Structures are given as structure tokens and as C-alpha cells.
Amino acid sequence: MTPSAVLRTMLARGGLITAPGAYDGLTARLVQAAGFDAVYMTGAGTSAAHGYPDYGLLTMSEMVENAARMSRSVDIPLIADADTGYGNEVNVTRTVREFEARRVAAIHIEDQVSPKRCGHLVGKEVIPHDEYLSKIRAAVAARRDPDFVLIARTDARSVMGLDEAIARARGALEAGADMAFVEAPETLEEMAAIPSKVGGPCLLNMVPGGRTPLVSHEEAAKMGFRLVIHPGIALLAVVAGVDAALATLKGAGKPQKLGSDTLAAFYERLGSREWDAIRNGSPAVGA
């Protein structure tokens, strides 16, 4: 089965899918090793890995190629941030096909004015309602793999209120999107209302320090959400860990031993045994 087909099968089973955020091949593999069924390519993390804030500064090609590195690093479905689709309906068409060609299972496209910014920051702007739905229809028509999952994100809550965000989400599902993503609800009451008011599968974004209250997976499932993403889980942990390691190096003048892995054990987590087998003349796994 393709990653898209695997994700669709999981969605058809019901229940809540949890996709921790990753931003490169290593963090994607760590998500898989931790036992999760899906991984999310965070746009904020991808921007940060390139040395930029989440201000819409990366191009479609940069985002797609990062998704390609991540998707080939894992066996679980990858759900990717595709920002605004990088232009009008023509650009959205190419965006869908480029992500699809990299074995990405799903993408979400939003209604922010380009250049966009992090959904939990102030100062966002959104495109007109009809223009947004036109882009969603273009994304639906662009699919070559019918299993490829399209998630319609709207940032209208912070700009025009929850009612307009719900209307956009409903319109996107009617236009053929597979799931709705109402970004940055600000209260538990708003969060609980979204799945029933949208009337279709919904994604919940958990951002520590953001505008949306944090809830458990059990609470999210009771509210009716089908997919929850945690974009910053790896990025925030890495930044904190690197800051601590560098502070120790600066103060002590020598590095501390981090973790219990030997160097060889660390490489095994990246598939070194398979590469050693190839080098020694054994067939590759899956050959």
C-alpha cells in the first residue's frame, strides 16, 4: 500500500490519529521509532531548520524537498504543511503533484495571504472566501492518486471570527477536501464546537504557548477530532537540549556524555545494519 492508502485506511478505521511534528529525516525516524502511526512535517520547524522564522520565507521547492527527505526516511505516512499552495490555482496544482510525487500521504493548504505567518501569531490576513474555495477545488482536481489526502486549513478564526472559519471549513469539504483544519481556536468551547459544526473530519493543532488550549488525546477524541498534530514537539526539545549541551561545553570546556547510546548504536537507529549488509554483499531489505 502507498503511504496515502495507509493513511486513508487508518482514517476509515475511526478513532484519533496522532502525528508528532518532525522537521528532517532524523526527527521523522525518531517519531516512527517511538511507535507513532504517522508523522507531521512542520512548516515552522522546516523554516527554523533553514534559519528562518515561520514567516512564509521558504519556497515550494524547499518545502517539497524536505518532505521528500522525510518520507524516504520512514515507513509511516507523512502529513506535510504546504502553506498557501504557493500561489493561485495553477501553483496549487503543481504543489499537489510535487508533494504527491514524493510519496507524501497528505498535505494541508491554507487561506492566508502570502507571505503567510505562523497560525498562532497576530497580524495574519486571509484571502477572500471564494478565492480560497477555488484553490481547494484546484487541489482536488490536481490529484493523480485518489488516495492522496487533502486537508483544508483556514486561519479565518483569528481574522474574521469562528463563524467564518466554520463556513470556510464546510465549504472546503463540499469542494472535495478530505479533512478540515480550523487553525487557532481560542477556548475549549470553540474547540469542542468545531467538529460538529464543520460536519466532517477535523484536525486539531496542539501548539504549546500558542492560542489554543492544550488538551489530552482522550479529550480531543471526545470532542470529535480525527487527527491531532504536535508541530513543535521535536523542535522545542532539540533547541532546549542543544542550548543545555552548549552551556555545559562553554562552562566546563569539554562535552558531556549525552544519552546512553554508543556511536554505533546511534547509527543503528539510522539503518546502519541494512547498509552494512549491502556493503557485505547481502541483498538490501525489500530487494
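Start with helix α2 (residues 25-33): it lies across β1 (17-22) and β2, running at about 150 degrees to β1. Angles go from 0 to 180 degrees between N-to-C directions, with axes fitted to C-alpha atoms, for helices over the stretch in contact. Helices (H or I, at least four residues) and strands (E, at least two) are DSSP runs, numbered from the N terminus.

A word on the model: it is predicted, so local features need pLDDT of at least 70 and side-chain atom pairs pLDDT 80 or more, while totals for chains, interfaces and linings use all residues. Numbering starts from 1 along each chain as its sequence is written, and side-chain values use heavy atoms, without hydrogens and water.

Next, select helix α8 (residues 162-174), which packs on the sheet and touches β5 (149-154) and β6 (179-182).

Now pick S73, in the loop between α4 (60-71) and β3. S73 touches G25 and R29, leaving aside residues up to four places away in sequence (contact means heavy atoms within 4.5 Å). Is S73 buried or exposed? It counts as buried because its relative accessibility is 8%; the cut-offs are under 20% for buried and over 50% for exposed, partly exposed in between, with a 1.4 Å probe and protein chains only.

Move on to β5, where six of six residues are buried. V149, I151 and R153 point one way, and L150, A152 and T154 the other. On one side, four bridges join β5 to the parallel strand β4 (residues 106-109), with H108 partnering I151. β5 also pairs with β6 in the parallel sense, and R153 stands opposite F181 there. Pairing takes at least two DSSP bridges.

Finally, zoom out: eight strands close into a parallel barrel, in order from β1 to β8.
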